[in-house]
Amino acid sequence: MHCFTVVMTLLWRDSWLKPLSDFDVGVEKCSYCKKAFGEINFVTACDFCDIAIMHDACANKHIVTKHKKQLQEKINAHKDKPLHDYQ
Ligand SMILES: [Zn+2]
Ligand SMILES: [Zn+2]
């Protein structure tokens, strides 16, 4: 189950965002805001936990609030260039 989630996450986050209507995942509600998905919604899964799919905007909020530390670690791990001075 965990591997399955990871594969879906890679598809959604690392290639390009697809409308939910292209998926046959049987999910109707956003796990973050609990609102039903509309006709076309951009969705994604969390990179850090097994929460079900969310609106893309909700996933951003979820990750920032629930996984701030992990996100920072991930950013640091992928940082191969020094930041600009003004950042
Ligand atoms: Zn939502
Ligand atoms: Zn999460």
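**Exercise 1.** Leaving aside its neighbours within four places in sequence, with which residues is Glu28 in contact?

*Solution.* The structure is a predicted model, in which local features need pLDDT of at least 70, side-chain atom pairs count only at pLDDT 80 or more, and totals for chains, interfaces and linings use all residues. Residues are numbered from 1 along each chain as its sequence is written, while chains are lettered from A and ligands numbered from 1 in the order in which they are written. Two residues are in contact if their C-beta atoms, placed from the backbone, lie within 7 Å. Once the neighbours within four places are left aside, Glu28 has contacts with Ala36 and Phe37.

**Exercise 2.** Locate Glu28 in the fold, and decide whether Glu28 is buried or exposed.

*Solution.* Begin with the elements, where helices (H or I, at least four residues) and strands (E, at least two) are DSSP runs, numbered from the N terminus. The chain has 3 helices and 2 strands, and their order along the sequence is α-β-β-α-α. Glu28 lies in the loop between helix H1 (2–15) and strand S1 (43–44). A residue is buried if 20 or more other C-beta atoms lie within 10 Å of its own, exposed if 12 or fewer, and partly exposed in between, with C-beta atoms placed from the backbone. Glu28 is exposed because it has 9 C-beta neighbours inside 10 Å.

**Exercise 3.** Describe the contacts of Tyr32 beyond residues up to four places away in sequence.

*Solution.* With those residues not counted, Tyr32 touches Met54, His55, Cys58, Ala59, Lys61 and His62.
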